[in-house]
Every structure is written in structure tokens, then in C-alpha cells.
Amino acid sequence: MPRPVPTPPEDAQARRDVPPVICYPTDSLQPADLMRYARFRDAATPVARHLVPAREGGAFRVPAGGFFRITCVEGPQVGDLNLFNAANPVERFYSGKTRALHGSHLSLGERMWSGFPFLRPMATMVADTLGWYGRDAFGGRVHDVIGTRCDPYTHWHLSGGEMYHHCCHSNLTRALAAEGVAGSVSEAETLVHDVLNVFMCTGFTEETGQYFMKASPVRPGDYVEFFAEIDLLGVLSACPGGDCGAEHSSDSAACHPLQVDVFETPAAALGDWTPPPVNGYDRSHGR
Ligand SMILES: [Zn+2]
């Protein structure tokens, strides 16, 4: 039996009319110095190119002060990105706090933050050819930090017990295990985390607040580029959903590879720049 909607209190409207406040105003954060990063980028040289095959994952490493670019190469394709501190995979991307700080979708100058107790910028977006997209009539935007990553466990529930092995979660797990970071596939799986959905176009429905996706506006040649604030190990999955216009967690969508280019900035060009230190909180938690 569904419960009846409770009778609204007399001041219901007054309570609804209270204006919202931003949970985490970022005014006190040091803004990304995009001009400085642009000077680094001018001096940087390409050092590696990786092709992540369709419905697979791939790993790449970026030295601090360098850059990585993810490019759509053959057709509209969404990528699920994990980032780790290359020297310590326990420090990894924290999509929830990144979302709390910057909003549901990332844009130019915004950071990918690591989790506790590190909580520092890992990467900063410095270029985005989809920067024109903004917010569409459905409330959709690109590059979200809402979605978690498609995974075989949710799929198992929703499909009535199907086994599907090329969800982003599995692609990231296999790629990480192949990189030798963990001793086994099951150990690697514990390090995989919620992603940045590169090129994915998503939002929440107005009525039910459900997470929606729609065909990505990305086209071959489009790219998004990040400055590496620390030494990074990246893992990227070319989502089995392709442009995520219809479904994921299956082999039915048209799916394409993604290209990752890595650039290194010479020490002379970096000058006195240094990676951000780990978080300064003393970790006593008041005890
Ligand atoms: Zn996926």
C-alpha cells in the first residue's frame, strides 16, 4: 500500500520559498592559472599516444606538469575516466567532492580532486572543444561527475541475471590489472572508482530527478585536455554505450575507440611550479 502524501503544514510555501545557498563556495580557492598552463603547454612535447579500443579500457601515465588529451577519433564515443596518483593508487579521483565543489559537469579551469585524506587537485581542464555546448533544453550538459560508471552488478539486477563483461567498470578493472598496479583482477577492482564521464551528455529529469543520458554531441576531432597537477596514472574505458544515446551495458550500440595523447613539459619551462601538496588538515579529528 503506497502511503498517502502527508498534509502540508500551514507554512509549507514559506518553507519552500527559502532561497538556496551554495554548499561549497569556491571563492577562497586559488583559481587555475590558465595563462600559466598555456605557457607550459606551448613548451610541452608529445611523449606517448594510446588508442583505447571500443568496449575496452586502456592505461596511460602523465608526469606532473604535463598534459593529457582525450580525443574522439572515429565516431561519437563516451569515455569513463579514472585517475590515480602514479606513486600511490590509494590516492584517487573523488567524483563526489569534485561535484560538490564545481557542480554536476566539469568545464574549463575546473579540477579533478583526489579523495581523503589527500583532497588536492589531481588534474585541471585546460581545453574543451565541446565548451560551446553549455546547457540544453533538457538540462543536459557534457563531462559529468554524476554518473558512477556502467557496471555488471547493476546490469545483473536490471537485466534479470545477465552476465556482461564489457561495462566500463570491468574495462577499467582489466586495464588497471594489466598495468600491474594490483596483484589480481579482483584486487584491481577495489581500486576502480566513480568516474569523470568524458563527452557524455547527461542531466536529471525535472519530474523524477532521475539521471538521464542523451546522444553525446562529440564528433571526431573533438577533444578535452587536462594539466597533470601530480604524477598521474589514468585509466580510460570506451563505454559500451558508444555515444550513450540509447543504452549501455550491451554490444548493441555503435562503439568507437578513443585516443589519449600525453605531453611532457620540460623542467626549464615549469620553472618554480610544484605539484600541490597533500591536504593540510592535521588528521587528529579532534582527539
Ligand atoms: Zn560505460
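Hi everyone. A residue counts as buried here if 20 or more other C-beta atoms lie within 10 Å of its own. Keep that cut-off in mind for Leu83, which has 27 C-beta neighbours inside 10 Å and therefore counts as buried. One more thing before we go on: what you see above is a predicted model.

Let's stay with Leu83 for a moment. This residue lies in strand β4. Which residues does Leu83 touch, leaving aside those up to four places away in sequence? They are Arg92, Phe93, Met112, Met122, Ala123, Leu232 and Gly234. As for Thr190, it sits 107 residues from Leu83 along the chain, and the two C-alpha atoms are separated by 14 Å.

Now let's step back to the whole chain. The protein chain has seven helices and 13 strands. Its radius of gyration is 20 Å, close to the 19 Å that the globule rule gives for 287 residues, so the chain is as compact as a globular protein of that length. Along the principal axes, the C-alpha atoms fill a box of roughly 70 × 45 × 45 Å. Of the 287 residues, 40% count as buried. If we take contacts between residues at least 6 apart in sequence, 72% of them join residues at least 24 apart.

Next, the sheet. In what order do the six strands of the open sheet come? The order is β1-β13-β3-β11-β7-β6, with antiparallel pairing. At the edges stand β1 (45-52) and β6 (111-113), each with a single partner strand, so one side of each is left without a neighbour in the sheet. From one strand to the next, the twist averages 25°. Helix α2, residues 34-43, packs on this sheet and touches β3, β7 and β11. The direction of α2 makes about 80° with that of β7.

We can walk through some of the pairings. Strand β3 (residues 67-72) is joined to β13 (residues 258-264) by six bridges, and the two run antiparallel. Here Thr71 stands opposite Gln259 in β13. Strand β7 has antiparallel partners too: β11, over five bridges, and β6, over three bridges. To find these in the viewer, look for Thr124, whose bridge partner in β11 is Phe227, and for Trp113, which stands opposite Pro121 in β7. Six of the eight residues of β7 are buried, so this strand is largely enclosed by the rest of the structure.

Helix α5 is my next stop. Why can we call α5 (residues 168-178) largely enclosed by the rest of the structure? Because 10 of its 11 residues are buried. Among them are Cys168, His169, Asn171, Leu172 and Arg174. And what covers them? The cover for the buried residues of α5 includes β2 (57-62), β4 (79-85), α4 (152-158), α6 (185-191) and β12 (232-238). Just after the helix, Gly180 takes a positive phi of about 80°.

Last, the core. The largest nonpolar core has 63 residues, and Phe68 and Ala228 touch the most other members. Setting aside residues up to four places away in sequence, Ala228 touches Val62, Pro63, Ala64, Gly65, Gly66, Phe67, Phe68 and Ala123.

Technical notes: Residues are numbered from 1 along each chain as its sequence is written. This is a predicted model: local features need pLDDT of at least 70, side-chain atom pairs count only at pLDDT 80 or more; totals for chains, interfaces and linings use all residues. A nonpolar core is a set of buried Ala, Val, Leu, Ile, Met, Phe, Trp, Tyr and Cys residues joined through C-beta atoms within 7 Å. A residue is buried if 20 or more other C-beta atoms lie within 10 Å of its own, exposed if 12 or fewer, and partly exposed in between; C-beta atoms are placed from the backbone. Two residues are in contact if their C-beta atoms, placed from the backbone, lie within 7 Å. Helices (H or I, at least four residues) and strands (E, at least two) are DSSP runs, numbered from the N terminus. The radius of gyration is taken over C-alpha atoms; the globule rule is 2.2 Å times the number of residues to the power 0.38. Two strands pair if DSSP finds at least two bridges between them. Axes are lines fitted to C-alpha atoms, for helices over the stretch in contact, and angles run from 0 to 180 degrees between N-to-C directions.
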